[in-house]
Amino acid sequence: MYYVAQVIRDECTKYNCKQCTLFCPEPNTLMYTDETHHAYVLTERCKGCALCVYVCSNLLKRDSIEMVYAENRDVAGVR
Ligand code: SF4
Ligand code: SF4
C-alpha cells in the first residue's frame, strides 16, 4: 500500500499557477493542461514524495493537491 498525488480539479482551476509542476523531481509526472487549466498526475510514475503537496498547501496555501492511497486514485490523476 502506498500513496500517490492527486489534483483537486475544482480548486486548482482557480489559480492557473503551475507552481507544483516546477518542483516534482520525477520527469513527466506532474503535468499541467492549458486547455482546462489544472495540473494532473501521471500516477503510475508518481513516487509519493509529497513535495507537490508541500508546495501547494504549505507554501502557497492553495490546498489543490493531495496524497491518496494508490488503489483509490483516479486514473486521470485528478478528482
Ligand atoms: S500548485 Fe496547486 S494550485 Fe498550483 S497548479 Fe499545482 S495543484 Fe494547482
Ligand atoms: S508526490 Fe512527488 S513524485 Fe508524485 S507528483 Fe508529487 S512531487 Fe511528483
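**View 1. Glu11 and its surroundings.** With 15 C-beta neighbours inside 10 Å, Glu11 counts as partly exposed (20 or more other C-beta atoms within 10 Å of a residue's own, placed from the backbone, means buried, 12 or fewer means exposed, and in between means partly exposed). You'll find Glu11 in helix H1, residues 9-12 (helices are DSSP runs of H or I with at least four residues, strands are E runs of at least two, and both are numbered from the N terminus). Beyond its neighbours within four places in sequence, Glu11 is in contact with Arg62, Asp63 and Ser64 (contact means C-beta atoms, placed from the backbone, within 7 Å). Glu11 and Asp63 are 52 residues apart along the chain, yet their C-alpha atoms are separated by 7.4 Å.

This is a predicted model, where local features need pLDDT of at least 70, side-chain atom pairs count only at 80 or more, and totals for chains, interfaces and linings use all residues. Residues are numbered from 1 along each chain as its sequence is written, while chains are lettered from A and ligands numbered from 1 in the order in which they are written.

**View 2. The largest nonpolar core.** This core has 16 residues, and Cys20 and Cys52 have the most contacts inside it (a nonpolar core is a set of buried Ala, Val, Leu, Ile, Met, Phe, Trp, Tyr and Cys residues joined through C-beta atoms within 7 Å). Strand E1 (3-7), strand E3 (38-41) and helix H2 (51-59) each give two or more residues to this core. Not counting residues up to four places away in sequence, Cys52 touches Ala5, Cys20, Phe23, Cys24, Leu30 and Ile65.

Definitions and conventions: Two residues are in contact if their C-beta atoms, placed from the backbone, lie within 7 Å.
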